[in-house]
Amino acid sequence: MDCWGSETSWELLDSTNTVLYSGSGYADANELLIQETFCLSAGCYAFKIMDEFGDGMSGCTGQNAINGSYSISNDSVVLCQILPEQANFGTSNTQTF
């Protein structure tokens, strides 16, 4: 997640752009881990992450601060992700899987 969690929101959409799941209102904290579980049928989906400030999940400060990241997986298979070095995506990033 993002050390500026209060700026972060997300949506999981189906192939008709219907929002199936969403989240927001997270705490501002380094190393905050948020885990969600979804039950999805076989199909095409999009994960959209948004940042209110416009710096993606980057901009973390402090001695042990690292940029945010996320991954969506099915068991051990990663379906989409953003790594800390990719965290500065601006106001939003959408990945399909």
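Me: A polar contact is a pair of N or O atoms within 3.5 Å; within protein, one must be able to donate a hydrogen and the other to accept it, and residues adjacent in sequence count only if both atoms are side-chain atoms. With which residue does the side chain of Gln 95 make a polar contact?

Reply: This is a predicted model, in which local features need pLDDT of at least 70 and side-chain atom pairs count only at pLDDT 80 or more, while totals for chains, interfaces and linings use all residues. Residues are numbered from 1 along each chain as its sequence is written, and side-chain values use heavy atoms, with hydrogens and water left out. Gln 95 belongs to strand β6, residues 92-96, where a strand is a DSSP run (E, at least two residues) numbered from the N terminus. At 3.1 Å, the side-chain partner of Gln 95 is Tyr 70.

Me: Which residues does Gln 95 touch, not counting those up to four places away in sequence?

Reply: Contact means heavy atoms within 4.5 Å. By that rule, Gln 95 touches Tyr 45, Ala 46, Phe 47, Tyr 70, Cys 80, Gln 81 and Ile 82.

Me: How much space lies in the largest pocket?

Reply: A pocket is an open set of points on a 1 Å grid over the protein atoms alone, with protein on both sides within 12 Å along at least five of seven lines, and a 1.4 Å probe must fit at its points. Grid points are joined across faces, edges and corners, and a volume is the space filled by probe spheres set on the points. For the largest pocket, this volume is about 770 Å³.

Me: Which residues lie closest to the centre of the largest pocket?

Reply: A lining residue has an atom within 4 Å of a point. Among the 28 residues that line the largest pocket, the closest to its centre are Glu 36, Phe 38, Ser 71, Ile 72 and Ser 73.

Me: Which strand supplies the largest share of the lining of the largest pocket?

Reply: At least two lining residues come from each of β3 (46-51), β4 (70-74) and β5 (77-82). The largest share, five residues, belongs to β4.

Me: How many disulfides are there?

Reply: A disulfide is a pair of cysteine sulfur atoms within 2.5 Å. The sulfur of Cys 39 has its closest cysteine sulfur in Cys 44, 17 Å away, and is therefore too far for a bond. Likewise, the closest cysteine sulfur to that of Cys 44 is in Cys 80, at 13 Å, too far for a bond. By this rule the count is zero.

Me: Is Tyr 21 buried, partly exposed or exposed?

Reply: Buried means under 20% relative accessible area and exposed means over 50%, with partly exposed in between (1.4 Å probe, protein chains only). Tyr 21 lies in strand β2, residues 19-23, and touches residues including Trp 10, Leu 12 and Phe 38. Because its relative accessibility is 28%, Tyr 21 counts as partly exposed.

Me: What is the phi of Asp 75?

Reply: Most residues other than glycine have a negative phi. Asp 75 is in the loop between β4 and β5, and it is exposed at 74% relative accessibility. Although it is not a glycine, Asp 75 has a positive phi of about 55°.

Methods. Helix = DSSP H or I, 4+ residues; strand = E, 2+ residues; numbered from the N terminus.
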